[in-house]
Amino acid sequence: MMPNNIAVSINDKASVIFGGTDEPAALGCLYSIGAIAVASNGKIQSSVTDLLEPFGVSESRIYINFFDMPRANVGWSRATFAG
């Protein structure tokens with residue numbers, strides 16, 4: 001059975017111009033193997049928004065790209081998830 005791994009990288013205080021201003025913003029990329037779906041993506045976007053609100057990041061300044069990766073294109077533990 002494959003583990004359900006998550007990795008997160010945060011670059012705090014990065015210089016970002018988003019929508020023409022330098023107000024707090026968040027840009028993200030989420031890569032998944034077969035779990036990209038309209039319902040789950042919306043829940044993730046909402047959860048990330050909830051997490052970032054206390055840091056002054058407005059919901060309209062959070063942008064996440066969702067990528068569904070083919071198993072053969074993701075490597076882990078000396079192999080790909082395709083075998």
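Of the contacts in the chain with a separation of 6 or more, 68% join residues 24 or more positions apart. The model is predicted.

**Overall dimensions**
- The radius of gyration of the chain is 15 Å, whereas a compact globule of 83 residues would have a value near 12 Å.
- Along the principal axes, the C-alpha atoms occupy a box of roughly 45 × 25 × 20 Å.

**Surface and burial**
- Of the 83 residues in the chain, 12% are buried.
- The accessible surface of the chain is about 6700 Å².
- Carbon and sulfur atoms contribute 56% of that surface.

**Charge**
- The chain carries 5 positive and 7 negative charges.
- The mean positions of the positive and the negative charges lie 15 Å apart.

**Backbone: Lys13**
- Lys13 is not a glycine, but its phi is positive, at about 65°.
- Lys13 sits in the segment before strand E1 (26-32).
- Lys13 counts as exposed because its relative accessibility is 77%, and the cut-off for exposed is over 50%.

**Backbone: Ser77**
- Ser77 also is a residue other than glycine with a positive phi, near 55°.
- The loop between strand E3 (75-76) and strand E4 (79-80) holds Ser77.
- With 55% relative accessibility, Ser77 counts as exposed too.

Definitions and conventions:
Residues numbered from 1 in each chain as written. Predicted model: local features only at pLDDT ≥ 70, side-chain atom pairs only at ≥ 80, totals over all residues. Heavy atoms only, no water. Rg over C-alpha atoms; globule rule 2.2 N^0.38 Å. Buried < 20%, exposed > 50% of the residue type's maximum accessible area, 1.4 Å probe, protein only. Contact = heavy atoms within 4.5 Å. Areas by Shrake-Rupley, 256 points an atom, 1.4 Å probe, with all protein chains shown as cover. Lys, Arg positive; Asp, Glu negative; His and termini not counted. Charge placed at Lys NZ, Arg CZ, Asp CG, Glu CD. Helix = DSSP H or I, 4+ residues; strand = E, 2+ residues; numbered from the N terminus.
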